[in-house]
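Trainee: I'm new to this one and would like to learn how to read it. Could we look at it together?

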Amino acid sequence: MCPFLNPNIRTQRGEPAAPCNSAPRFALGRCVYTSNAAVALTQHNVHLSALLCRHTTGDYGVIGIDSVRDNERAIPFGGRVVSLYRLLSDAVLETMTPEERRRSPSLWIVTDGGVTTALTERDL
């Protein structure tokens, strides 16, 4: 079993803003992640299962309003859904300038064509 998908492991970061007992709004399909994503999750003590929960329940992280609208339009038709999550703690992010926050470590989660991929900026 993938260690990043084990829901019994607790970490300090990545706790969902949307409750995980909410019904998922779409299916994840097959879940994969890049080696860069694995390193980033481990370095920042973030659990992928918490981010996947947020992703499927409609908490898309820090994407723009246009991307949120695109996601909402795509869900009923099985289209691409994109989320972006910052990996630093809220306390650390609050001390940063907007530009520093934009450049802070983050994780993209993309669901498209029956596959959900977790990846970093380096993978794009």
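**Charged pairs and the fold**

Mentor: Let's start with Arg103, which counts as exposed because its relative accessibility is 60%. The classes are buried (under 20% relative accessible area), exposed (over 50%) and partly exposed in between, with a 1.4 Å probe and protein chains only. Keep in mind that this is a predicted model, where local features need pLDDT of at least 70, side-chain atom pairs need 80 or more, and totals for chains, interfaces and linings use all residues. Residues are numbered from 1 along each chain as its sequence is written, and side-chain values use heavy atoms, leaving out hydrogens and water.

Trainee: Which side chain meets that of Arg103 in a salt bridge?

Mentor: The general idea is that side chains of opposite charge can pair when their charged atoms come close. A salt bridge here puts a side-chain nitrogen of Lys or Arg within 4 Å of a carboxyl oxygen of Asp or Glu. For Arg103 the partner is Glu99, at 3.3 Å from N to O. Both residues lie in helix α5, 4 residues apart, about one turn of the helix. Glu99 counts as partly exposed, because its relative accessibility is 37%. Arg102 joins in too: Glu99, Arg102 and Arg103 are linked in a network of salt bridges.

Trainee: What pairs up in helix α3?

Mentor: Look at Asp70 and Arg73, whose side chains form a salt bridge at 3.3 Å, N to O. They sit 3 residues apart in α3 (residues 65-74), again about one turn of the helix. With 43% relative accessibility, Asp70 is classed as partly exposed, while Arg73, at 53%, is exposed.

Trainee: How many salt bridges does the structure hold?

Mentor: There are 6.

Trainee: Now zoom out: how many helices and strands does the protein chain have?

Mentor: You'll find 5 helices and 4 strands. Helices (H or I, at least four residues) and strands (E, at least two) are DSSP runs, numbered from the N terminus. Follow the chain along its sequence and the order is β-α-α-α-β-α-α-β-β.

Trainee: What share of the chain counts as buried?

Mentor: Of its 124 residues, 37% do. As for contacts (heavy atoms within 4.5 Å), take those with a separation of 6 or more: 69% of them join residues 24 or more positions apart.
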